[in-house]
Amino acid sequence: MKTFLLQIITPDKTLFDGQAVQLTVRTTEGDVGILAGHTRYAAILKSGALSIKLENGETRTAAVAGGAVKVSDEATTVITTAAEWAEDIDTEWAERSRQDALAKMDAYKNEPDRHQRANLKLQRALNRLRVSGNDPKGLNQK
């Protein structure tokens, strides 16, 4: 299969810089799959899973916290504020973060700005738990 250069960049690190067969990301308009030869494209990413299929058939999954994807003739670039491979997610920390966010949302229900920040924290924690495979039944209900 044909490959393309893929870079996944955060402010702290380059999570991936190499050849990929396919990239699947969640944009504000829905999930998008990118293959070699994809037309030029740019989109805003939502927090969610990012999946890469490698030339050897392996698939890698990461949790991303929003950002953007850009496809050019030279490379496909994902820029995100945070990205973490599924196997590297500290699920205990993510669960504590989820619980803390829920408590803050309750405490700040009459303060819209603080409530919104707590909700964003909750969404990031839920995303990390989903991507890690540790999404207990009913977790997404909150």
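Helices (H or I, at least four residues) and strands (E, at least two) are DSSP runs, numbered from the N terminus. Keep that in mind for the whole tour.

**Before you start.** This is a predicted model: local features need pLDDT of at least 70, side-chain atom pairs count only at pLDDT 80 or more, and totals for chains, interfaces and linings use all residues. Residues are numbered from 1 along each chain as its sequence is written, and side-chain values use heavy atoms, with hydrogens and water left out.

**Stop 1: the whole chain.** Show the cartoon. Follow the chain from the N terminus: the order is β-β-β-β-β-β-β-β-β-β-α-α. The C-alpha atoms fill a box of roughly 50 × 25 × 25 Å along the principal axes.

The accessible surface is about 8,400 Å² (Shrake-Rupley method, 1.4 Å probe). Carbon and sulfur atoms account for 47% of that surface. Of the 142 residues, 37% are buried. Buried means under 20% relative accessible area, exposed means over 50%, and partly exposed lies in between (1.4 Å probe, protein chains only).

Colour by charge next. There are 20 positive and 19 negative side chains. Lys and Arg count as positive, Asp and Glu as negative; His and the chain ends are not counted. The centres of the two sets lie 5 Å apart, with each charge placed at NZ of Lys, CZ of Arg, CG of Asp or CD of Glu.

**Stop 2: Ala 20.** Select strand E2, residues 14–20, and go to Ala 20. Is Ala 20 buried or exposed? Its relative accessibility is 0%, so Ala 20 counts as buried. Which residues does Ala 20 touch? Leaving out residues up to four places away in sequence, they are Lys 2, Thr 3, Phe 4, Leu 6, Ile 52 and Lys 53. A contact here means heavy atoms within 4.5 Å. Pick out Lys 53: it is 33 residues from Ala 20 along the chain, but their C-alpha atoms are separated by 6.0 Å.

**Stop 3: Tyr 41.** Move to strand E5, residues 41–45, where Tyr 41 is found. Tyr 41 is partly exposed, at 25% relative accessible area. Beyond four places in sequence, Tyr 41 touches Thr 27, Val 32, Ile 34, Val 69, Lys 70 and Val 71.

**Stop 4: helix H1.** Select residues 91–107. At 1.5 Å a residue, these 17 residues should span 24 Å, and the end C-alpha atoms are 24 Å apart, which agrees. The expected span is 1.5 Å times one less than the number of residues. Show Ala 94, Ser 97, Arg 98, Ala 101 and Met 105: these are buried. Look down the axis of H1: the buried residues fall within an arc of 105°, so they line one face. The arc is that of the directions from the helix axis to the C-beta atoms. On the other side, Glu 92 and Ala 107 are exposed. What do the buried residues of H1 pack against? Helix H2, residues 112–132.

**Stop 5: helix H2.** The 21 residues of H2 should span 30 Å at 1.5 Å a residue, and the end C-alpha atoms are 30 Å apart, which agrees. Its buried residues include Ala 118, Leu 122, Ala 125 and Leu 129. Their cover includes strands E6 (48–53), E7 (59–64) and E10 (83–85), together with H1. Finish at Gly 133, which follows H2 and has a positive phi, near 85°.
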